[in-house]
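Welcome! Let's take a friendly walk through a protein model, one question at a time.

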Amino acid sequence: MSQELIHVYLMPGMAASPKIFEYIKLPENQFEIHLLEWLIPIDNESITDYSRRLCSNIKHENVVLLGVSFGGVIVQEMSKFISVKKLIIVSSVKSMHELPKKMLIAKATKAYALVPTQLASKLDVFERYAFGDTITKRIELYKKYLSVNDNKYLSWAIKEMVCWNQETCHPDIIHIHGDNDSVFPIKNIKNCIVIKNGTHIAIINKYRWFNENLPKLIIGS
């Protein structure tokens, strides 16, 4: 009798393409991976309603939800509407209390509304003025992995990330976090599995860690 497959749904980070999961490989006799993509928000759509709408793309029961960065926030909201076998977040936060100080200030001052999201579609402009290997490499990553450059989506996503007001987290959530994450510094994060030398894009450049450890984390009780 064949083993029933565990369905694993992966949600990328803000504006990112599912390509960020291109190196994630799980044993095919145990798991089936499904890639989720960002939707363009409806006018004045709350993060709750958006996440409920995204749940329509979940085609199986008792799934594993894994989200990266803002995608980690989204899968937490989705888990309020569907049953999940495991809820996993990567390079993300479990509540508003783990947000960095600069985001809390942006929330208080509404500075998030001033972000020039229209520039996101003009990466070639940034590239012309990029000096040094680090910035150039980062822009190459943006070009490869960012797929949503819609101003409406970006303005909505930045606001919802900064203003997320979840007080307490899912009791069984699994949080994986790099100790060198510059977006969500680990000093603000509690109760997580630490990836040594992991940055905010650990899902890409530490993929071997995930391929080795995710099966155990999913199947473990």
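The questions and answers below go from the overall build to single residues.

Q: How many helices and strands does the protein chain have in this predicted model?
A: This is a predicted model. From the N terminus on, its elements run β-β-α-β-α-β-α-α-α-α-β-β-α-α. Counted by kind, the protein chain has 8 helices and 6 strands.

Q: What percentage of the residues in the protein chain is buried?
A: A residue counts as buried when its relative accessible area is under 20%. The protein chain has 221 residues. The buried share of them is 45%.

Q: Among contacts between residues at least 6 apart in sequence, what percentage joins residues at least 24 apart?
A: Contact here means heavy atoms within 4.5 Å. Taking the contacts in the protein chain between residues at least 6 apart, the share that joins residues at least 24 apart is 65%.

Q: How many residues are in the second, separate core?
A: In soluble globular proteins, nonpolar side chains tend to be buried together. Besides the largest core, with its 37 residues, there is a second, separate one that includes Ile6, Ile24, Val68 and Ile218. The size of this second core is 24 residues.

Q: Which residues does Leu65 touch, not counting residues up to four places away in sequence?
A: Leu65 is among the residues with the most contacts inside the largest nonpolar core. Leaving out residues up to four places away in sequence, Leu65 touches Tyr9, Ile58, Val75, Met78, Ser79, Ile82, Val84, Lys86, Leu87 and Ile88.

Q: How many of the residues of helix 2 are buried?
A: The buried residues of helix 2 are Phe70, Gly71, Gly72, Val73, Ile74, Val75, Gln76, Glu77 and Met78. They pack against strand 1, helix 1, strand 3, strand 4 and helix 6. Helix 2 is largely enclosed by the rest of the structure, because its buried residues number 9 of the 9.

Q: At roughly what angle do the axes of helix 1 and helix 2 cross?
A: Where these helices meet, Ile47, Thr48, Tyr50, Ser51 and Leu54 in helix 1 face Phe70, Val73, Ile74, Glu77 and Met78 in helix 2. By class, this contact has 7 nonpolar, 2 polar and 1 charged residues. Helix 1 and helix 2 are roughly perpendicular to each other. Their axes come within 8 Å and cross at roughly 80°.

Q: Within what distance do the axes of helix 2 and helix 6 come?
A: Phe70, Val73 and Ile74 in helix 2 meet Tyr153, Trp156, Ala157, Glu160 and Met161 in helix 6. The residues of this contact divide into 7 nonpolar, no polar and 1 charged. The axes of the two helices cross at roughly 75° and come within 11 Å.

Q: Is Lys94 buried or exposed?
A: Lys94 lies in the loop between strand 4 and helix 3. A polar atom of the Lys94 side chain is 2.4 Å from the backbone oxygen of Lys190. Beyond its neighbours within four places in sequence, Lys94 is in contact with residues including Gln76, Trp164, Cys169 and His175. Its relative accessibility is 5%, so Lys94 counts as buried.

Q: How far apart in space are Ala113 and Ser155, C-alpha to C-alpha?
A: Ala113 sits in the loop between helix 3 and helix 4, and at 60% relative accessible area Ala113 is exposed. In sequence, Ala113 and Ser155 are 42 residues apart. In space, their C-alpha to C-alpha distance is 7.2 Å.

Q: What is the relative accessible area of Ser91?
A: Ser91 is found in the loop between strand 4 and helix 3. Its phi is near 50°, a positive value in a residue other than glycine. Ser91 is buried, and its relative accessible area is 1%.

Q: Is Asn62 buried, partly exposed or exposed?
A: The place of Asn62 is in the loop between helix 1 and strand 3. Phi of Asn62 is near 50°, which is positive although the residue is not glycine. With a relative accessible area of 42%, Asn62 is partly exposed.

Conventions
Residues numbered from 1 in each chain as written. Predicted model: local features only at pLDDT ≥ 70, side-chain atom pairs only at ≥ 80, totals over all residues. Heavy atoms only, no water. Core = buried A, V, L, I, M, F, W, Y, C linked by side-chain atoms within 4.5 Å. Buried < 20%, exposed > 50% of the residue type's maximum accessible area, 1.4 Å probe, protein only. Axes fitted to C-alpha atoms, helices over the stretch in contact; angles between N-to-C directions. Helix = DSSP H or I, 4+ residues; strand = E, 2+ residues; numbered from the N terminus. Parallel < 35°, antiparallel > 145°, perpendicular 65-115°, else oblique. Nonpolar A, V, L, I, M, F, W, Y, C, P; charged D, E, K, R; others polar. Polar contact = N/O pair within 3.5 Å; in protein donor to acceptor, adjacent residues only side chain to side chain.
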